[in-house]
Amino acid sequence: MAFTETRPSDPNTVDALVDATPDSRERTIDLVRVACIVVVVLWHWVFSITQWSDHGQLVMPNLISHVHGLWAATWVLQIMPAFFIVGGYANLASWQRAGRTDGALVYWRRRSRRLLRPAAALLAVWAALDAVLVVAGGRQADVLHWGMVTFVPLWFLGVYLGVVLLVPFTARLHERFGLGVPIALVAGMVVAGNGLMTTGLVWVFAHQLGYFWRDGSITGRGRNHERRAALALVASGVGALGWLTTVGGYPSSMVATAGETGSNMFPTTICIGALAVFQLGLLLLARPALERWLRRRTVWRVVVAANGIAMTVFCWHMTADVAVIRMSGALGIHLLDRLDTAWWAWRPFWLLAPGIVLAGLVAVFSRIERS
């Protein structure tokens, strides 16, 4: 769906799109996509101990290592697998509707445009701004030196774009081999070990799981079958994660954490594949209640509107955060690098202030996403 708010008679207004939503639409997919973006934004703004390093670089260690047992929350709040799962559902649906008739090139252009346009706008603005900063302040003012965190969202978009480009091939593999595809991907992860090869296999695997949701093999055989399948996925995912993080020696946290040797996120390990199985099970368990809730017009309208600006929010949320860091520093409000009472007391500020700046950025740049 392309969400564009213009004049009331426009068939692409939010209300028109809400009215046009077919009963068959899997609304949970849209909700999860928005929820994933919200979690990422909150994690970066509120729950990162953002600070300046001794080398003058902005860094964002998280608080997992400072709170005992908080690593367990990452099994739910590391939402990238969930985003790839619902992306698999949506991308397969798009391929089934139009890709086969229009061809792969048309499909790729349509699906990648929504991702690339907001990212291109972000890079263009920062390239111009960085040139001004360098002229005014020298090489130390180069954003590539002090503020690489600004571009954190782009590596995710690059990986996701990769799985989108593979859809014409992975969809055919799914049709022909079904469950054999994710089994082969897991086997590939085991053989490849840790590295870039496994990183690619893990995200294709998570995306491929969404195909089984889309084709009805999980949800199309009645509620009892769906619940049993969901429970089996939860048990399998948790069991695999438990074994991998104990006997297997992988980190317990699903995000990079100070004090742990290595990280499950990059290079991405097989643990994230197990996490995807676990999260798919959780989503399917919640699905019946979520679908009933999303039938309320006011709720669905919010989800539709949010989806229309989701990529803009994702691309620009770190720029909003950096802008507040710079402005607050100029006003004498400095970043706190210790997890103490003062740090927690400042959390509302680091939610509201970047939120205000981001609202302005979205007002300016969301039209690029919706065009």
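Predicted model: local features only at pLDDT ≥ 70, side-chain atom pairs only at ≥ 80, totals over all residues.
The lining of the largest cavity has eight nonpolar, three polar and two charged residues by class.

**Overall build**

- The C-alpha trace of the protein spans about 60 × 60 × 35 Å along its principal axes.
- Of the 371 residues in the protein, 49% are buried.
- Among contacts between residues at least 6 apart in sequence, 75% join residues at least 24 apart.

**The cavity**

- The structure has one cavity of 30 Å³ or more, and the volume of the largest cavity is about 120 Å³.
- The largest cavity is lined by 13 residues, and those closest to its centre are Thr50, Leu335, Leu336, Arg347 and Trp350.
- Trp350, one of these residues, is also among the contacts of Ser328 and of Asp321.

**The second largest pocket**

- The second largest pocket holds about 690 Å³ of space.
- Its lining is made up of 25 residues, with Trp43, His44, Gln78, Val152 and Trp155 nearest the centre of the pocket.
- Two or more lining residues come from each of helix H2 (27-46), helix H4 (80-102) and helix H7 (152-165).
- H2 gives the largest share of this lining, with six residues.
- By class, the lining of the second largest pocket has 20 nonpolar residues, five polar residues and no charged ones.
- His44, one of the residues nearest the centre of this pocket, is touched by Asp321.

**Cysteines**

- A disulfide is a covalent bond between the sulfur atoms of two cysteines.
- The structure holds zero disulfides.
- Cys36 is in no disulfide, and the nearest cysteine sulfur, that of Cys315, lies 15 Å away. A disulfide needs the two sulfur atoms within 2.5 Å.
- Cys36 has a relative accessible area of 4%, so it is buried, since buried means under 20%.
- Cys271 is likewise in no disulfide, with the sulfur of Cys36 as its nearest cysteine sulfur, 19 Å away.
- Cys271 counts as buried because its relative accessibility is 0%.

**A cis peptide bond**

- Phe266 and Pro267 are joined by a cis peptide bond, with omega at about -5 degrees.
- Pro267 lies in the loop between helix H11 (223-246) and helix H12 (270-293).

**Residues of helix H14**

- Ser328 has its place in helix H14, which covers residues 310-330.
- With a relative accessible area of 4%, Ser328 is buried.
- Ser328 is in contact with Ile333, Phe349 and Trp350, leaving aside neighbours within four places in sequence.
- Asp321 lies in helix H14 as well, and at 2% relative accessibility Asp321 counts as buried.
- Not counting residues up to four places away in sequence, Asp321 touches His44, Trp45, Trp350 and Pro354.
- Asp321 and Gly56 are 265 residues apart along the chain, and 17 Å separates their C-alpha atoms.

- Arg114 is part of helix H5, residues 104-137.
- Arg114 has a relative accessible area of 28%, so it is partly exposed, a class that lies between under 20% and over 50%.
- From C-alpha to C-alpha, Arg114 and Met311 are 7.6 Å apart in space, while 197 residues apart in sequence.
- Gly360 is in helix H16, which covers residues 349-370.
- The relative accessible area of Gly360 is 35%, which means that Gly360 is partly exposed.
- Gly360 and Ala320 are 40 residues apart in sequence, with a C-alpha to C-alpha distance of 9.1 Å.

Note on methods. Residues numbered from 1 in each chain as written. Heavy atoms only, no water. 1 Å grid on protein atoms, 1.4 Å probe; cavity = no way out; pocket = protein on both sides within 12 Å on 5 of 7 lines; lining within 4 Å. Points joined across faces, edges and corners; volume = space filled by probe spheres on them. Helix = DSSP H or I, 4+ residues; strand = E, 2+ residues; numbered from the N terminus. Nonpolar A, V, L, I, M, F, W, Y, C, P; charged D, E, K, R; others polar. Buried < 20%, exposed > 50% of the residue type's maximum accessible area, 1.4 Å probe, protein only. Contact = heavy atoms within 4.5 Å.
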